[in-house]
Structures are given as structure tokens and as C-alpha cells.
Amino acid sequence: MTDLNEMSLAELKALQKDVLRAIDSFEKRRKAQAVSALENAAKEMGFSLAELLGQQAGRRRSVAMPKYANPADPSDTWSGRGRQPHWFRDALAAGRS
């Protein structure tokens with residue numbers, strides 16, 4: 001076993017980071033195992049885990065077709081959803097429609 005009193009500060013901090021990373025990885029693996037076990041048990045009974053928890057499947061949005069194209073580069077498009085691209089915002093500021 002390593003004597004912590006003989007380690008430098010840099011070595012102790014590196015060890016601390018490794019331990020925190022290992023703990024996080026362990027917790028993620030345990031959660032994944034638990035979810036898998038619950039899904040298998042629900043499937044054996046003819047249900048999905050989401051049905052048993054009263055959750056509905058997420059609403060899926062269709063892929064939006066591009067509505068606007070960058071005049072300088074027509075392959076650079078924007079659908080009108082989400083944040084405005086810089087080229088679109090600059091064109092509006094310049095008075096273009």
C-alpha cells in the first residue's frame with residue numbers, strides 16, 4: 001500500500017482526481033446495471049419501463065427544411081429554428097430582408 005505521507009502535493013492531487021473519476025465511473029456503471037435490470041423485469045411482464053413509470057415517449061420533431069441560405073455560401077443554410085446564424089443577423093442589421 002502507498003504511504004500518503006511520502007507523496008508530493010502534485011502526486012496527491014493526481015491521485016485525488018483519479019479516485020473521483022473512478023467513483024463517478026463506478027456510479028454510472030451501477031445505475032446502468034440497475035436500469036437494465038428494471039427494463040428486463042418490465043419486459044418479462046409485458047411492459048416497457050416508461051409505461052410503468054408513467055412516462056410518455058418524447059415528442060419527436062421532424063427535420064426542418066432550410067428556409068434561408070447564406071448569399072456568400074449557398075451551402076450554408078438555416079431552417080429558421082434555433083439561434084440565428086451570424087450571416088443572417090448581419091444581413092438583417094445591414095437592412096436586408
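**View 1. Helix 1 from end to end.** At 1.5 Å a residue, helix 1 with its 36 residues should span 52 Å, and the 53 Å between its end C-alpha atoms agrees with this. The expected span is 1.5 Å times one less than the number of residues in the helix. Helices are DSSP runs (H or I, at least four residues), numbered from the N terminus. After helix 1 comes Gly46, whose phi is positive, near 90 degrees. The model is predicted, so local features need pLDDT of at least 70 and side-chain atom pairs count only at pLDDT 80 or more, while totals for chains, interfaces and linings use all residues. Residues are numbered from 1 along each chain as its sequence is written, and side-chain values use heavy atoms, with hydrogens and water left out.

**View 2. The salt bridge of Arg21 and Asp18.** A salt bridge is a side-chain nitrogen of Lys or Arg within 4 Å of a carboxyl oxygen of Asp or Glu. By this rule the count is 2 salt bridges. Arg21 forms one with Asp18, and their closest N and O atoms are 3.3 Å apart. Both residues belong to helix 1, where Arg21 and Asp18 are 3 residues apart, about one turn of the helix. An α-helix has 3.6 residues a turn, so residues three or four places apart point the same way. Arg21 is exposed, at 54% relative accessible area, and Asp18 is partly exposed, at 43%. Here buried means under 20% relative accessible area, exposed means over 50%, and partly exposed lies in between (1.4 Å probe, protein chains only).

**View 3. The salt bridge of Lys28 and Asp24.** The side chains of Lys28 and Asp24 form a salt bridge with an N to O distance of 3.4 Å. Lys28 and Asp24 are both in helix 1, 4 residues apart, about one turn of the helix. Lys28 counts as exposed at 54% relative accessibility, whereas Asp24 counts as partly exposed at 35%.

**View 4. A nonpolar surface patch.** Leu4, Leu12, Leu15, Val19, Leu20 and Ile23 make a nonpolar surface patch of about 480 Å². Patches consist of residues with over 30% relative accessible area and no salt bridge; like charges are joined within 9 Å, and nonpolar side chains (Val, Leu, Ile, Met, Phe, Trp, Tyr) within 5 Å. Accessible areas come from the Shrake-Rupley method with a 1.4 Å probe, and for residues only the protein chains shown count as cover. Leu12 lies in helix 1 (residues 9-44) and is partly exposed, with a relative accessible area of 31%.

Key:
Helices (H or I, at least four residues) and strands (E, at least two) are DSSP runs, numbered from the N terminus.
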